[in-house]
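Colleague: I would like to learn how to read aromatic pairs in a model. Can you take me through a case?

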Amino acid sequence: MADYKDPENTIIVTLKDGPVVIELLPDVAPKHSERMKELARAGKYDNVAFHRVIDGFMAQTGDVEHANMEAPNYNARRAGTGGSDLPDVPAEFSRIPHDRGTLGAARSQNPNSANSQFFINFKDNSFLNGQYTVYGRVISGMEHVDKIARGEPPASPDRMISVKVAADV
């Protein structure tokens, strides 16, 4: 295992092109960080599609209800409309900017509706600051994120092959 500063708050997302290491920010967004670890440990993020990937903006994934590409009920048209069977997470806004590589909580118009979906910013998206919870940042592997297939939804979506908490690897 690699040496991570805080393995309990480090997420390893395996993509087709290689691993993406995410440092969670539990001091900034404890509820969102905990939710990601809970879903990762339950295997809920494994095989979940990137259902909304906008060039020069962000890559969105995490619909554990409708976007598991290995599930019998997978439907690309419904991907992005669901969450998990856990309650929504209240907003944890901070002064952390939505810079390239940061992880943001996807939600509906209700700021307290985040659940399992998240996005990774391809570039600095300051217009999102204070509007969406930032709860992590890519510390290595952003070059793999940059290769995720684009589209809303992508014609042939990429997926998170596996998502693990580094402390468990």
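**Reading the aromatic pairs**

Modeller: With ring centres within 6.5 Å as the cut-off, the count comes to three aromatic pairs. Keep in mind that this is a predicted model.

Colleague: How is a pair of aromatic rings described?

Modeller: By the distance of the centres and the angle of the planes. Take Phe-119 and Tyr-132, whose centres are 6.0 Å apart. Their planes stand at 80°. Planes over 60 degrees apart count as edge-to-face, so this pair is edge-to-face.

Colleague: Where in the chain do Phe-119 and Tyr-132 sit?

Modeller: Phe-119 belongs to strand E7, residues 118-121. Tyr-132 lies in the loop between E7 and strand E8 (134-140). The two are 13 residues apart, and the pair links distant parts of the chain.

Colleague: Is Phe-119 buried or exposed?

Modeller: Buried means under 20% relative accessible area. Phe-119 has 5% relative accessibility, so it counts as buried. Tyr-132, at 25%, is partly exposed.

Colleague: Now the whole fold. What is the order of helices and strands?

Modeller: The protein has two helices and 10 strands. Along the sequence the pattern reads β-β-α-β-β-β-β-β-β-α-β-β. The radius of gyration is 14 Å, close to the 15 Å that the globule rule gives for 169 residues, so the protein is as compact as a globular protein of that length.

Colleague: How much of the protein is buried?

Modeller: Buried residues make up 50% of the 169. The protein exposes about 8000 Å², with 48% of that supplied by carbon and sulfur atoms.

Key
Residues numbered from 1 in each chain as written. Predicted model: local features only at pLDDT ≥ 70, side-chain atom pairs only at ≥ 80, totals over all residues. Heavy atoms only, no water. Helix = DSSP H or I, 4+ residues; strand = E, 2+ residues; numbered from the N terminus. Rg over C-alpha atoms; globule rule 2.2 N^0.38 Å. Buried < 20%, exposed > 50% of the residue type's maximum accessible area, 1.4 Å probe, protein only. Areas by Shrake-Rupley, 256 points an atom, 1.4 Å probe, with all protein chains shown as cover. Phe/Tyr/Trp six-rings, centres within 6.5 Å; stacked < 30°, edge-to-face > 60°.
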